[in-house]
Amino acid sequence: MTGDAVQTPVESDEPVTEAVDDEDRLVEEGEIAGDYLEQLLDVLDFDGDIDLDVDGDRAVVSIDGGKDLSKLVGRDGEVLDALQELTRLAVQQATGDRSRLMLDVARWRADRRDRLARLGTEVAERVRDNGGRESLDSMTPFERKIVHDAVAAVDGVYSESEGAEPKRRVVVIKE
């Protein structure tokens, strides 16, 4: 009998490290983004502290503490959105993978998230108490998700998105 070697899988007591690998990848994304943004701040002659974090399944980079950072936010976060996309492209160029990195400047997104969550709760309670339905102003997908989550926490109401981008909006409806 000629012997073809049969390989059996090697069993290991090592735990599966997929979650650790994901977090390491997100930390790497944050570090690449931080380096990119640090260079950009130097070129623009802006001061700011860069903070790196991981929130769920995305890297989060924040720039705080400098003067004139509102210029990096722009009207309704337009400059911030563009800067976030440029930073994501820089990360993608370095890693070869698409990034879902979130960028915040001068707590603009964090404050916006808080305001939208309060708005969602207030509208949900009003609709629950008065009946009917209420439409909100158009929002980005990220903003709509914040409102949907806030509405979902209030019993007796639910929310839907209506319309087409960029005019898509949240509608809160009594059950």
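1. Let's start with one residue in this predicted model. Ile 63 is in contact with Leu 37, Leu 41, Gly 48, Asp 49, Ile 50, Leu 69, Leu 103, Asp 104, Val 105 and Ala 106, leaving aside its neighbours within four places in sequence. Find Ile 63 in the structure and look for these partners around it.

2. Which core does Ile 63 belong to? Ile 63 is part of the largest nonpolar core, which has 16 residues. Along with Leu 72, Leu 103 and Val 105, Ile 63 is among the residues with the most contacts inside this core. At least two core residues come from each of helix 1 (18-44), strand 2 (58-64), helix 2 (78-95) and strand 3 (102-105). As background, nonpolar side chains tend to be buried together in soluble globular proteins.

3. Three strands make up an open sheet in the order 1-2-3, with mixed pairing. On average, neighbouring strands here are turned by 20 degrees against each other, direction ignored.

4. Strand 1 and strand 2 pair in the antiparallel sense, over seven bridges. Helix 2 lies across strand 2 and strand 3, and it runs at about 135 degrees to strand 3.

5. Does the length of helix 3 agree with what we expect, or disagree? Helix 3 (residues 108-130) has 23 residues, which at 1.5 Å a residue should span 33 Å; its end C-alpha atoms are 32 Å apart, so the two agree. Just after this helix, Gly 131 takes a positive phi of about 85 degrees.

6. Which residues of helix 3 are buried? They are Arg 109, Ala 110, Leu 116, Gly 120, Val 123, Ala 124 and Val 127. The buried residues of helix 3 pack against helix 2, strand 3, strand 4 (133-138), helix 4 (141-152), strand 5 (157-162) and strand 6 (169-174).

7. Finish with the hairpin of strand 5 and strand 6. These two strands pair in the antiparallel sense over six bridges, and Glu 162 stands opposite Arg 169 in strand 6. Six residues lie between the strands, and in this hairpin Gly 163 takes a positive phi near 95 degrees.

Methods: Residues are numbered from 1 along each chain as its sequence is written. This is a predicted model: local features need pLDDT of at least 70, side-chain atom pairs count only at pLDDT 80 or more; totals for chains, interfaces and linings use all residues. Side-chain values use heavy atoms; hydrogens and water are left out. A nonpolar core is a set of buried Ala, Val, Leu, Ile, Met, Phe, Trp, Tyr and Cys residues joined through side-chain atoms within 4.5 Å. Buried means under 20% relative accessible area, exposed over 50%, partly exposed in between (1.4 Å probe, protein chains only). Helices (H or I, at least four residues) and strands (E, at least two) are DSSP runs, numbered from the N terminus. Contact means heavy atoms within 4.5 Å. Two strands pair if DSSP finds at least two bridges between them. Axes are lines fitted to C-alpha atoms, for helices over the stretch in contact, and angles run from 0 to 180 degrees between N-to-C directions. The expected span of a helix is 1.5 Å times one less than its number of residues.
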